[in-house]
Structure formats: C-alpha cells, structure tokens
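Me: I have a protein model open and want to learn how to read it. Can you take me through some features, one by one?

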Amino acid sequence: SGDFNSRSSHDEDSHKSLLENISETGMDEANISLQDLLLEVYRSIGEPDSLYGCGGGHPVHALARVRTYEHEGEWEKALGAYDLDTALPMGVRQAGILQALQNCGLDLVLQRYLRGLEEELPECSADLEEMRYQAAWQAGQWDREPSSRSEPHSLGYHECLYYCLQALHDREFSSFTQHLAAARVQEMRELSALSLESVHAVYPALCRLRSLSEMEAAGQRLHRFRLFQALAPLQDSWRQQLLVLRETDFRYQEPVLSLRTALHRQAAPESTGALVDHLTELARLARLAGNARVSERAIQAIRQCPRRPHGVHAWQVEDAEMFWAKQEQGRAMGIMKGLLGTLKAQVAGECAKELLALYAECLGRYGHWLAETCSESPSIILSEYLEKSVSVAERAWGDGSGGSDEGEGGRVCRAALYLSLARFADAQHRSIVAYMRSAEYENKRALLRKAKEDVTLLQSLKLQPSRYMVKLQRECDLDERELLSLRQDRERFLVEALVNYVRCLRSGGAHGEARAFRLVSLWLENSAEQQVNDVMRTGVTDIPPHKFLPLIYQLAARMGTKMAGGEAFHSILQKLILRVTLTHPHHALLVVLALANAGKDELLQTVAARDGARGGSRLSRGDSKGSSAPSDDDRVRATRALVEQVRKQQPELVRDTEKLCDAYIMLANMNAEAWRKQTKDMLIPKDQPIKEIRNLYKVVIPTLELKVDPTGQYPDLVTVRAFRPHFRLAGGVNLPKIIDCEGSDGRTYRQLVKGRDDLRQDAVMQQVFHMCNELLAGSAETRTRKLSIRTYKVVPLSQRSGVLEWCVGTMPIGDYLVQKDTGAHTKYRPNDWPSMHCRKFMNVAAQDRRNGDLFLAYQELCHHFRPVFRHFFWERFLDPAVWFERRLSYTRSVATSSIVGYIVGLGDRHVQNILIDLNSAELVHIDLGVAFEQGRILPTPETVPFRLTRDIVDGMGITGVEGVFRRCCEKTMEVMRNSQEALLTIVEVLLFDPLFDWTMNPLKALTLQTRTEDETEGTSTMGPTLGKAPASGRAVHQERNGMDPQSLNKMAERVLMRLQQKLKGVEEGSVLSVPGQVNLLIQQATDPKNLSRLFPGWQPWV
C-alpha cells in the first residue's frame, strides 16, 4: 500500500530543488530519481495537478512522459510513445499498448494484438490474461478455451466476469453464483490491502464492486423470472443511478456502463429497444466527457443491432451531436437536416409527445448550429427554427401557465428551449446596440442629416427636379428605411429576449440566477420603453420571487430614483420588491430597512451632541426624517412606504427587525475612544439598547447564511435570543465592536459591528464572489478540485453602519508572519531584518522615486528577509496526510482568489486584508473596497494583478507556483472566460447601481496609503475597511451624487470594456490563450521590479 503522503512530506523536506533542477537530481540508494519518485507519489495519491509541479509538464525520462500522457487522457499520444520507445521494458510496453488501445476505443485492433500475443506468448502474465478476458466479454466473444485454473477463487476479476456473463446466457445459475462470489471475495481482499490515505486508490475497487452488485441483481431477476422482461425493473433502477453517476469521473462510469451493455446482450437479447436506449445514453455521457471514441463506438453498436427501432430515434440525434463535437460540422448538420425533414412529416398529424419533443430539440439545435456557422440570416433562424422549436414544445406540454400535467422532463425541456431562444435574441439585440453606438452608425446618421438638408435646400429653391436631386432623395429614403429597420429589429429582438427570459425563469431550469441578472439588466437599460415595462409587468407576477433575491440590493437601490420609465417603471419595481419581501422577508427586509435608515447615523450624532450622552441615544422609527441627503429623499420615502406595506401583513417581524437594526446602529456609532487601548472584554454600556434585546423569535440572526427555500417556508429558523453583555474592540481607526449573539439553537454567533463606514461595497463584492462560486460549481474540472472563494455575510444597516459575520478560526497572514516579537519571521529567522525595518528602508528608497534605486533596494531587502510561510503547515498539521491536504487546500484557495480577484480588479491586498483559516488553511479576503482596477489610480499605483509574494509562494511547497497553483489558475480562468456573458451581465448591473460607490475619490485614495504603521503591522482584525480613516461616507456619497451621471456611465463602460478584455485574454494588446494569460499574470505578480514599486505599507517583501 505504501505511505505515499509520508514519502511526499519527506521528499519535499529533504530536497529544496527548484522545478528546473528536479529532473537533474541523481538517483538515491533505491535507484530512482527524485522526479520519478514524486511522479509515482502524486499518481498514487490521485491529485490531478501536483504531477506538473515536479516536471510532469516537461519530463526527461521516457516513462515519465508516457505517464503524463496517460494522466492527461492523451491515449493516442501514449500509444505512439509506447510504439516508438523500444528502450522501455517489454512488459511495460505491452501493458501500456493494451491499455492505450482499449482507451482509444480500437477494439478490433486490440483483439488482433491480443491474439498475436497469445500465439507468441502462450504462458502470459496474470495482467495480460485479465486484459484478454476483459476484451472478450466486452466484445461478446464467448469462444475462449476454459482456464486451466479450475477453482473460481483462483481466477482474476475479468475472468470471473466473463464466466458470469456466459453462465447468464446459458442460464447456469450455480456457476454464475460461484464465479460472482469469487470475484467479490477477491475485490474485498484487494480493497482491504489498499492504503486509505487517498480515496483515489479506492475508486477502481468500488467501481468493480458496483459492477458485481448490478451483475448479482440481474442474475437474481433472471433466476426468478427467466424472461427478458425480468430486466425491466433493473433498467429503471439503472436510469436513476445514472443521475448520481453523472457527477462521477467518466473513467469510473464507463466500466459499469460497459457491463450493462453486456448484460443487455447476454441476459435479454430480445429487448433491442432497451439496449438502444442504453447505448444512446452511453454515447451521450461519453461525448460530454470528451471521449469521442467511446461515443462513436456506442453509435456503431446501435447501427449493428438487428432489430433497432424504425423511424427517427434519439440515437440519430446523438449521432449528429457526436460529429459536431468532433468538429465535423458539415456531416453533423447534414444528419440533422435529414432528421428534421423526416420529423416534419411525422408530426404533421397526431403524434406522441416524445416525437414532438425530439422535433423541438432538433429545431433548436439546428438553429444554433446555423447561427454558429453563419449559414442563415438571424431573422430566418429566429422564425423558422428557434421560435418554431418553442411552439412545438408548447404543443407537446403547453406553455406552463395552465397547470397542465407536463412532468419534470417537459418542464426542463421547455425551459431549455425558452433559454435558447432568449439568448439568441439577446445576442442579436446586443450586436445591434453595439453597432448603434459605433462611430460608423453616427457617421451614417450625420451623412443622412446632411443629405436631407441638401434635399430641403434644393426644394426650397423651387428648381426643376434634376437627376441628382432624384438620386439624392432616393438615397435618403433608402437610408431612412435602413435605420428604421435597424431600430425595429432592435425592438423586436429586445422584446423577444425579455419574453423568453421571463418564460424560462417561470419554467425553472438551471442557472436561474444568471438569467435573472440578464433579464433585470435589459429591463433597467430599457426602462423608458413601454413594451419592456409591459413584459415586466407580467413577468414580476409569473416568475417565482426567489429568482430575484440575488438582485434585491440593486433593485431596492432604484426605488424612488429618477429612472427613464417614470411611474410605470416604479410601480412595477415596487410590486416586485414587495412580493419578494413578503415571500422571503428574512432575506429582503434588512436590505429595504437599510435604505429606509440611510440617515440614522447622522441623526444619532446630532442627538448625542444635543443630549451630551457618551454612547448616543435610542432611535425611533420616525426620528430620521430629513436626515438623508437631498438626492436620497425619494428613495427613503419609497422604501419607508414599502416597509409600511410589509408591516400590515407581518407587524411583529417588522417591529422586531427595526428594534434590532436600531440597536446595532446605536452600538456601531458608540464612541469607544476611552477603551482604545483595552485588550480584554468590556461591559456594554447600560444605555445601549442591544443589552435589552431578548427573544426575537421572528428575527433570524442577520449574519447567519439562510438557504433560500423557493416555497418561502422557513420552519426551523435560528432566531435572536439575546446578546452577551461583553464586547471587544477589533482595532483600527474606527474601532469596530466584536459582540456575541446567542441563537435560539443554543449556539453563539460572533459578529463585528461597524460604524462610520459604508459596508455596501463589501456586500456587493461578496455577491460577486457568490456568483463566481456558482460558476465554478457548474464546471466539472473546478468542482472536482473544490475551487471556490471563501465568503462571509455582510449586512449593511444604514448608509454608514452594518454588521458582519466574524470568520471564526482565522487570522491575518500578517499576524502570523510579521507580528512584533511573535511572528514566524522573528521565530524562524531571527537574524533577518524585522518587517518594520524593511518598511522604513523602502520608505527611504521611495523618497527618491527612481525605479532603478527602488529595485536595487528591494533586492537588497530580499537578501535580508527570507520567506518562512511553509512553517505554518508544519506547525499546525503534524499528520502527513493532513499536512498534504491542507497545503493543497491553501494552494487552490490562493489560485482561485487570485484569478477572480484579478478579473474584478480587486486591490489593496496587504497582509492584514488576507486571513487564513487555521483549520482548513483556506484564504479569506476582507476589505474589498478597492475594486475594478481602482488600485491602479492610487497615489502609489498598484503594479501587480494579485498578491503572489515570496511568502505566499513559500506556503505552496517545493513546486512553488508550478503544478497545483498554475493548473488551478488555468482551470479558474477557463471557467471565467467561458462564462464571460454571465459575468459581464452581473458586473454591469452592479456598476450602474446608484448606491454602489466603486469609484476612487481623492480622499479615499489618500486614506488608503497613509495608514499608520500600527494599523498595518499589528492590527489583528477581521472585517472590511478596518484600516480606513474616519468616515467620510456622507461626503463621498454626496460627491458621487454631485457627479455628472454621464461621466459615471462612461467610467462604468470603461471598466466593463477592460473586464471584457480580460475575459477574452487581451493583455498588453495581444490575445493570449488561457495558459499564456495565466503565465503573464504570474510573471507580473512575482516580478521584483513590479513589487519594488508598490506602496511600502503593502509589504511586498512578505
């Protein structure tokens, strides 16, 4: 079994070679190179990326190269390498060629090769014998000579499988039972001998046990009924199990599916229809997994069925899909066109729903293929294919509004067709809008105006109509018709997109949040158009309200604002937010109240100054009248009116929620200067209303993440019972308060209450991170690696106060590394320069402002300050398996947060703004107020895309940025680039949010880079913007309100344009591949010249 993790830990501790030196390391006493040893260790563990960090990407030895091909699933390359490299041992070559042939799907060649080996080597190894039997039962060849080993327990797994299937065909159930039991005992024996440090080694054995279980069930049914109908219940069970298998690597699905194919053929040869359905599903799964060979082989097996179904069948559609996946578009479209012709004739009269569903699917798929290959005009594609596919689907299942019994399959199919039509119309609308904003369109309009002026002038002179005048008039008419047609097409595609997004969201289906973002984006962008508001008036009633919950911040912020749609727009918006709030009050009410309480902070300060109370005084519901900025008055009035409407239906909930919010706001604005130097717990002052909060049974704990229930039923809520009487200060200028909330479940929830700071920006960035996590969870590659960004709950309570979830069990990496007297640098490298000295040294160098001197100074500093972050893992995780898993989790977390942070332009990543989880080693990013490239316009511009300093890299182990980090960066970037439409839509809605202050004003920029040394060196705080100076939230908000809206729009458009460039791989004027883009970003992030030019408070040497 081997202790692979222990060996990995020992190897990486003993050899401090860099990646380029790994392959040159000599043999040890076991006569194995370090590269080969690490490759074997990582292959045994089953981690998909570590192999590339130890030279797997550019191996020197032939066997290492072949193993890398096998790891990547490049079986054709592996076959070629085995064939060319005669230096490999004969047994290794033979086994490798057999495995490559099998995985390439070259069954006939495999059988011939096995037959040749059998003649050449009558006495072969057990592994080769197993391969022969596997090829035999998969190909349905039952003429092999009986084994000389008569006892079943001495046979191999595939040999037992061969005899089991043969016995089923012959109905010899005693032989079947003996061989099945022998195979199971053998597998259990092998399973018990495996090392359980890595579950990767267990998967093949579990896969074989699953196959044996299905074999046993089939045998029992056949023994009892002895009819081919005996398999019918099992086939239903297999279809249900496929729903679980779809989340499994296809390498482990394929053996189970191959066995089912053999069971169909052996146990129920008369059931051709069931076999065709099974092979169709196998072809589909293989195609989705990128295994075209297996898909093609399954389709070919269907063609060879003697009694396959007549007419158009799903396997023929899968045949076309398979050729499209193989980039053979012409052949795929030819097959699909032929199917459409046949189906059109068959559905002309009465027909089954299944045939209508197949026709609708084919129309939709062919329409998109036409669009992708530009083979038809958009209007033809829309009317003849996509709209027709929807009408055919509605003919089969109805439109979903009449309560018809459509079933889950019909609902999902119809939703997919609605989405397909909506996305196509949306793409055409965007294309037209982009053209109408171009210089070419403006030039055409200018020329038309000039031509019309000339015509008017000629007509005013009352001259005889000349050829020139007639020609000019005709050209004007043509141009006017063209522009009119363009506007009509824009309106048509816009309405078509909106209508079908509404239908899609009403029907359900996957990725509802992204579709809701796009629907709202189109609505807000075109709120002045009556047709748009008419569609939305119906949509807000039909769409389940939980679909709008991710947008509640952005929707509520537009209440009372001067939108182009006027009263029509606001009535629909008010109705939508009211419906969402009444259905999901625990998610939406706090958002609405935060807007209604916009001015309570300033009122509190006014009352405190008047009454002379140190901690402030209570706030009532009506006290904040007139406290908001003039431009916010309409919004405050609109949100208060909505709160009153909710109060009529849920008075107790609204009353208690307001009471809790007022208590939080009072505590947030409490003057805590007298306790600034206190480090222990302190009693909350008696005049703070939070001390009197008791048993709010209707109010859920604000910082607790509550899963959305689409039905709006929340029976088991964790509500607020009370607050502990003590608080602590978190540090920083604004002195946020740390308190503990007692929940109705008996647990205590730590919270951070902040005042004099706008938390809305951080809440919105958490929203962006949540959506990115949704995208990452939708990709098999990133889901397998568990790539995600750690999020925490941020709840704004007013314009300048809020409460945050405390990330329990975390600490800033700055505290671990450079905390005065206790940091890891002081502990492990006491002779290095202290970080404070490094900062002063770079400050002196920065005063000269010559980049060359900065670079030389930074190099000297690095010579006296070496990375030590690897010790974090050695200290906390003593078990080798846990050490490896936590370091892997850390590296993946760094990769994911780096790429997502780069995409959204997240800046200000100094060592106090990045926390590390002490249990999982994941990173948590806080203080998210500098985003969308605003760090590049600071007084000292940020010159790196993300934080990848030497200490960050040191925590990744011997391979550094190679292997896990680079590969996870690439996988994350692939998902972001493939999801650019969804990302752009999300960010577009956020950037045009009237309350989202993402722009960098001079005061904010100055504050960020004038922190005192104490704030960045010794502050152990959790929570955004803890290092910011006293607030100027009102001043900043007023400054934003005073800015020209057109200027803000232009700034937002520039941000969107840069974001779009990033998602297309455009860097420094060149379009890069994903690996190329990631490589450039890593180079920029680790370049000493870039690091030397950063603000010293960022501490780039750490």
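Reply: We go from the overall picture to single residues.

Me: What should I know before I start?

Reply: This is a predicted model, where local features need pLDDT of at least 70, side-chain atom pairs count only at pLDDT 80 or more, and totals for chains, interfaces and linings use all residues. Residues are numbered from 1 along each chain as its sequence is written, and side-chain values use heavy atoms, with hydrogens and water left out.

Me: What is the average pLDDT of the protein?

Reply: First the term: pLDDT is the predictor's confidence in each residue, from 0 to 100. The average here is 82, and 83% of the residues score at least 70. Residues 9-30 stay under 50; the model gives them 38 contacts beyond four places in sequence. Residues 1012-1041 are also below 50, with 115 contacts beyond near neighbours in sequence. A contact means heavy atoms within 4.5 Å. Where pLDDT is low, the predicted coordinates should not be read in detail.

Me: How many helices and strands are there in the protein?

Reply: Helices (H or I, at least four residues) and strands (E, at least two) are DSSP runs, numbered from the N terminus. The protein has 47 helices and 13 strands.

Me: What percentage of the residues counts as buried?

Reply: Buried means under 20% relative accessible area, exposed means over 50%, and partly exposed lies in between (1.4 Å probe, protein chains only). Of the 1102 residues, 54% count as buried. The protein exposes about 49000 Å², and carbon and sulfur atoms supply 51% of that area. Accessible areas come from the Shrake-Rupley method with a 1.4 Å probe; for residues, only the protein chains shown count as cover.

Me: What share of the contacts joins residues 24 or more positions apart?

Reply: Take the contacts with a separation of 6 or more. Residues 24 or more positions apart account for 72% of them.

Me: Which residues of H6 are buried?

Reply: An α-helix has 3.6 residues a turn, so residues three or four places apart point the same way. In H6, the buried residues include Arg-93, Ile-97, Leu-101 and Cys-104. The buried residues of H6 pack against helices H5 (75-84), H7 (107-120), H8 (126-139) and H15 (292-303). Just after H6, Gly-105 has a positive phi of about 80°.

Me: Which residues other than glycine have a positive phi?

Reply: Most residues other than glycine have a negative phi, and most peptide bonds are trans. Arg-756 is one case with a positive value, near 55°. Arg-756 sits in the loop between strand E6 (748-755) and helix H31 (760-777). Arg-756 counts as partly exposed because its relative accessibility is 29%. Asp-908 is another case, with phi near 60°. Asp-908 lies between helix H38 (880-903) and strand E10 (914-917), in a loop. Its relative accessibility is 6%, so Asp-908 counts as buried.

Me: How many aromatic pairs does the structure hold?

Reply: Rings of Phe, Tyr and Trp (its six-membered ring) pair if their centres lie within 6.5 Å; planes under 30 degrees apart count as stacked, over 60 as edge-to-face and the rest as tilted. The structure holds 21 such pairs.

Me: Which ring does Arg-947 lie over?

Reply: A charge sits over a ring if NZ of Lys or CZ of Arg is within 6 Å of the ring centre and within 35 degrees of the ring normal. Arg-947 lies over the face of Trp-1098, 4.2 Å from the ring centre. Arg-208 lies over Tyr-157, at 5.8 Å from the ring centre.

Me: How far apart in space are Tyr-52 and Gly-963?

Reply: Compare sequence with space. Tyr-52 and Gly-963 are 911 residues apart in sequence, but their C-alpha atoms are 4.4 Å apart. Tyr-52 lies in the loop between helix H3 (34-45) and helix H4 (62-72). Tyr-52 counts as buried because its relative accessibility is 10%.
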